[in-house]
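Hi everyone, thanks for coming. I'd like to walk you through one model today, so please have the viewer open.

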Amino acid sequence: MAVDELQAIIQRCQVLEEADFKGEDFNLFQVAGQKCLEDGYASQLLEVIQNEKNKVIIKNMGWNLISPLVRCIFMYKQEDDKREHCLKILDQLAQLCNPKELFLGLLEQIEQTSGEQVCQTIMLLLQPLQTVLLKLQNKKAYSVGLSLAMIMNQLTPLPVPYTKQQIQEDKLGLCQCCNAVVDFAKPFVSEVVKNMEKSSEYNDMELKEELLKFCMKSLKYPLLTAQLEQLEGIEEHPFRRFATEIIDILWNIRELIPLVFLHRKGKSPHWENQEFADIEQKNSAESLACLSYLMFVQRFGIDCFPMVFSPSYLLQCNMTHIEVLLIRTEESMLSKGLDLFESCLLRMENNSLLHQYLEFRGFINVPQVLVKVMTLCPIEHLRKKSLNILQLFIDKFDAEGKYTLFRCLLKTSNHAGVEGYVIKNIKDQIHLSLMKACDNTWFTGQHLISLLDLVLLLPEGAETDLLQNSDRIMASLNLLRYLIIKDCESDNQTGVWTILPKIEQNFLKPLHVGLNMSKAHYEAEIKNKKENRREAHSSNTVCSLTVSGEKMPAMTTEMQLQVLHSALFTFDLIESVLSRVEELIEVKIKGGMDENS
């Protein structure tokens, strides 16, 4: 019987001194103890462990029971008495075993767990692990850091619940586990705080650094991925609570403000391998970006925040974080980047952001990344939001800033729709200048002429793909029509009449030629398709079509004809506006000549 075998080993070891225990004794104790657990004799094993006479034996050998003990706890149902006995054994081992040996045993058990049991195992062992760590005298900071790193490494591969339903179900127990880990860390945070309060020159930085590393990892996972908005029907959002706790730890160890403003990264290890160094830097950048999101969007820890900084300075501090988030493709991170950008911009008055800020790299990079989100992101509501934020960004700059930003976007966006949007903004600024709504020399005269040189031209002359560039071309024609109508040749405030010959040469004439070529090409295609359709057995024959250099999905002849007719309609629309512009120019020139005669 397993209990008899265990009693025999115990009796033999009771008469031995601690130093006389042999490897064989350890093995026999482990086998007999494991057999007791597996055969259902947990209560008898508990009695043996609680017996004062066995204290020395349990101190030295008890840690060997951790692995079979964890297996049995998961084997028994929640309400089973045997499970309750196993939990009491675990508690006793935490109190009686050699802390160093038990620490390694617990950590090994956490390391070996996988899949659906990760969170359950961690939550089960957190309390005994905390008890053991609080007993350690030597290398305590190192052991705490090792424990937190091991726990986070095991949690990181798990998917983070994102939707309301996923958070409520918490299938793997991640939400619950994250908050349990924070509670596990609290005594060590209190120890650091207590030591800092004792002395303003607190020198034992090791434990503080380990806690800082834990917070940085937590910011990257799960908080960077997590849905952190308040959700109706969830009284206490688990990730919001976790975020609050992480911010509290950073505040208590006096690292919150340095991280937000000084971008302090703690003691980063020196990597000889550059690839490892780059990964470390990327992880740190994403953690800091998440921290800024928590503070400035979700307002966690905002009460600790010194209210002495200007909105433009806060925007400057956050531009790096915004860029880090916007270059990601995951919805959770992209939306955080957009929210952070929007939050910073909404703090500012329109026209208050000085053009000098565009000398900072982030102020040029971020709008370019934003354009990629606008044009490439597959999620519609994020594309729309990014467009609104781009407009918000434009609105905040002074006149010179807007002017510089427009030039930059026209040169770098490589997207006709974005260029058309920028040109519309240029038109709005010119309108404000002509209406004397603001004293603005950047959108009249010589400065405007320089900008119009970028706008009123075809990128590749008559060979330009008019269909692909239709948004830009229509916006340019509308701008030119507006200038001709609003600015008399005698006033010439915008300078458009000065460069009219150049506009005709670089824009209007090539556009005429391009329209004629494009219409002829598409009309020939339509004729060809109609002839092929008559020859084919059915109009449902599926073929391929290339439009604007891109191969379209397989479609029937009827569908192809619809696409071709749509292209012709676009050309007719461009031609109509072009004719109206030329007519206005002719009328204005003739009117000017009549006045002079």
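By my criterion, a charge sits over a ring if NZ of Lys or CZ of Arg is within 6 Å of the ring centre and within 35 degrees of the ring normal. K336 is placed in this way too, over the face of Y293 at 5.5 Å from the ring centre.

Before going on, some housekeeping. This is a predicted model, where local features need pLDDT of at least 70 and side-chain atom pairs count only at pLDDT 80 or more, while totals for chains, interfaces and linings use all residues. Residues are numbered from 1 along each chain as its sequence is written, and side-chain values use heavy atoms, with hydrogens and water left out.

Now the overview. The protein chain has 25 helices and four strands; these are DSSP runs numbered from the N terminus, with helices being H or I of at least four residues and strands E of at least two. Of its 597 residues, 48% are buried. Buried means under 20% relative accessible area, exposed means over 50%, and partly exposed lies in between, using a 1.4 Å probe and protein chains only. The accessible surface comes to about 29700 Å², and carbon and sulfur atoms account for 49% of that; the areas come from the Shrake-Rupley method with a 1.4 Å probe, and for residues only the protein chains shown count as cover. As for contacts, meaning heavy atoms within 4.5 Å, take those between residues at least 6 apart in sequence: 74% of them join residues at least 24 apart.

Let's go inside. In soluble globular proteins, nonpolar side chains tend to be buried together. Here the largest nonpolar core has 190 residues, and L155, F214, L294, F341, L477 and L511 touch the most other members. Helix α11, residues 174-198, gives the largest share of this core, with 13 residues. A nonpolar core, for the record, is a set of buried Ala, Val, Leu, Ile, Met, Phe, Trp, Tyr and Cys residues joined through side-chain atoms within 4.5 Å. Leaving aside residues up to four places away in sequence, L294 touches L219, L223, L228, A243, I247, R299 and F300.

From first C-alpha to last, α23 reaches 24 Å, close to the 24 Å expected. This helix is also part of what covers the buried residues of α22, as are α20 and α21. Those buried residues of α22 are L448, I449, L451, L452 and V455.

On to the aromatics. How many aromatic pairs does the structure hold? There are 14, where rings of Phe, Tyr and Trp (its six-membered ring) pair if their centres lie within 6.5 Å, and planes under 30 degrees apart count as stacked, over 60 as edge-to-face and the rest as tilted. F296 and F305 are edge-to-face, because their ring centres are 5.3 Å apart and their planes are at 90°. Y357 and F363 have centres 5.4 Å apart and planes at 45°, so that pair is tilted. F341, Y357, F360, F363, F393 and F397 form one aromatic cluster.

F393 also brings us to P367, which touches F393 along with G362, L390, L405 and L409, again not counting residues up to four places away. P367 is found in α18, residues 361-376, and at 1% relative accessibility P367 counts as buried.

Last, a backbone detail. N414, in the loop between α20 and α21, has a positive phi near 50° without being a glycine. At 69% relative accessibility, N414 counts as exposed. N492 likewise has a positive phi of about 50°, and is found in the loop between α23 and α24. Thanks, everyone!

Methods
Expected span 1.5 Å × (residues − 1).
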